[in-house]
Amino acid sequence: MRFDFIADEHVKVKAFLKKHEVSKALLAKIKFAGGQILVNGEKQNAIYLLNIGDRVTIDIPAEEGFESLQPVSKNLTVVYEDDHFLVLDKPAGVASIPSVIHSNTMANFVKAYYLANDYENHQVHIVTRLDKDTSGLMLFAKHGYAHARLDKQLQKKVIEKRYLALVKGSGFLENEGEIIAPIARDEDSIITRRVAVGGKYAHTSYRILAQYGNIYLVDIRLHTGRTHQIRVHFAHIGFPLLGDDLYGGSLTDGISRQALHCHSLHFYNPFSASEVTLESSLPADFQTVINKLKLIQ
């Protein structure tokens, strides 16, 4: 894969490329795995001194992917795709990555998709992961350089994900609010998390979109990305997600998985210099619950 840049400083190639988020590891891969650096069409090395206006080209070798990740064919709902990024609408009940208990995962499906379309790179790069029973938008980078560039956006917290959730509680829920409470691993479990002094900083914003008795449809924005953050935070304030038995959610309101759906994703595409905003509609099981709640109001 080839990328071109125009030098705007009188600096070494490696210093110039660092500004474009080309890491030392990627430079090493270019050098030792079949890539090359060109300046005005001529081969050069990373310490070559550039002049302003020089055209710098990097050829990045193809990524073969991991043999341990088996491709599994599956019809996918593609929401957005270009040469660098892929966004899918993930169904509930599908894990993001393989584990001892999960083999038919989004990573397996995406690898099969890459192979079926004869893409140059076969390695699967997940940028935004979702829990198995959370549905909605999931972002993949189609090569390591694209992944590195979005990692920078994650670090700067400029990738925005918004979620829809159905929550239930017996108290009063403000129309909108901020939940800022540290999250730590539960002392008695390797899976569950809890709000605890000494945990990692976690910040969640929300606003109510609709109310059905003591059940609320809320729009949620994550400012941090802690494991189970939304589920833990809403359980902490007394409004666990419907279907989320791990954190005390109701199992008697018509939904058997945690009622959480990533409905909006926003990121900056550095290769097209454009802002990308994507939406996913309300999932069918959410709509079924809401329709029943409307009937009994």
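This is a predicted model: local features need pLDDT of at least 70, side-chain atom pairs count only at pLDDT 80 or more; totals for chains, interfaces and linings use all residues.
I started with burial: 48% of the protein's 297 residues count as buried (under 20% relative accessible area; exposed is over 50%, and partly exposed is in between, with a 1.4 Å probe and protein chains only). Residues are numbered from 1 along each chain as its sequence is written, and side-chain values use heavy atoms, with hydrogens and water left out.

**Overall layout**

I looked up the extent next, and the C-alpha trace spans about 70 × 40 × 35 Å along its principal axes. I find six helices and 16 strands (DSSP runs numbered from the N terminus: helices are H or I with at least four residues, strands are E with at least two). The protein is split into domain 1 (2-59), domain 2 (62-156) and domain 3 (161-262 + 288-295); these bounds come from an automatic or database domain assignment. I checked domains 2 and 3 as a pair: their C-alpha centres lie 26 Å apart. Eleven residues from domain 2 and nine residues from domain 3 take part in the contact (contact means heavy atoms within 4.5 Å). I also looked at contact range: among contacts between residues at least 6 apart in sequence, 65% join residues at least 24 apart.

**Largest pocket**

I then went looking for pockets. The search runs on a 1 Å grid over the protein atoms alone; a pocket is an open set of points with protein on both sides within 12 Å along at least five of seven lines, whereas a cavity is a set of points where a 1.4 Å probe fits but cannot get out, and lining residues have an atom within 4 Å of a point. The largest pocket holds about 1,400 Å³ of space (volume is the space filled by probe spheres set on the points, with grid points joined across faces, edges and corners). I see 46 residues in its lining, and Arg-129, Leu-130, Asp-131, Thr-227 and His-228 lie nearest the centre. Two or more lining residues come from each of α4 (144-155), β9 (160-168), β14 (215-222) and α5 (229-236). Domain 2 and domain 3 each give the lining of the largest pocket at least three residues. By type, I get 15 nonpolar, 15 polar and 16 charged residues in this lining (nonpolar: Ala, Val, Leu, Ile, Met, Phe, Trp, Tyr, Cys and Pro; charged: Asp, Glu, Lys and Arg; polar: the others, Gly among them).

**Second largest pocket**

The second largest pocket comes out at about 340 Å³. Its lining has 14 residues, with Lys-18, Val-22, Ser-23, Lys-24 and Leu-27 nearest the centre. I traced at least two lining residues to each of α1 (13-19), α2 (24-32) and α4; α4 has the largest share, four residues. Domain 1 and domain 2 each supply at least three residues here. The lining of this second largest pocket divides into six nonpolar, two polar and six charged residues.

**Nonpolar cores**

What sits in the largest nonpolar core? I find 46 residues, of which Phe-140, Val-167, Val-218, Phe-234 and Phe-267 touch the most other members (a core is a set of buried Ala, Val, Leu, Ile, Met, Phe, Trp, Tyr and Cys residues joined through side-chain atoms within 4.5 Å). Helix α3 (residues 106-116) gives the largest share of this core, six residues. Both domain 2 and domain 3 give residues to this core, so it lies between them. I followed up Phe-234: beyond four places away in sequence, its contacts include Val-167, Tyr-206, Val-218 and Phe-239. There is a second, separate core of 18 residues, including Phe-5, Phe-16, Ile-58 and Tyr-145.

**Single residues**

I looked up His-102 in the loop between β6 (85-90) and α3. His-102 counts as partly exposed, at 23% relative accessibility. Leaving aside neighbours within four places in sequence, its contacts are Ala-95, Ile-97 and Lys-132. His-102 and Lys-132 are 30 residues apart in sequence and 9.5 Å apart in space, C-alpha to C-alpha.

Asn-40 is not a glycine, yet has a positive phi of about 55°. Asn-40 sits in the loop between β2 (36-39) and β3 (42-44), and is partly exposed at 47% relative accessibility. Ala-273, also not a glycine, has a positive phi of about 55°. I place Ala-273 in the loop between β15 (260-269) and β16 (274-279), exposed with a relative accessible area of 55%.
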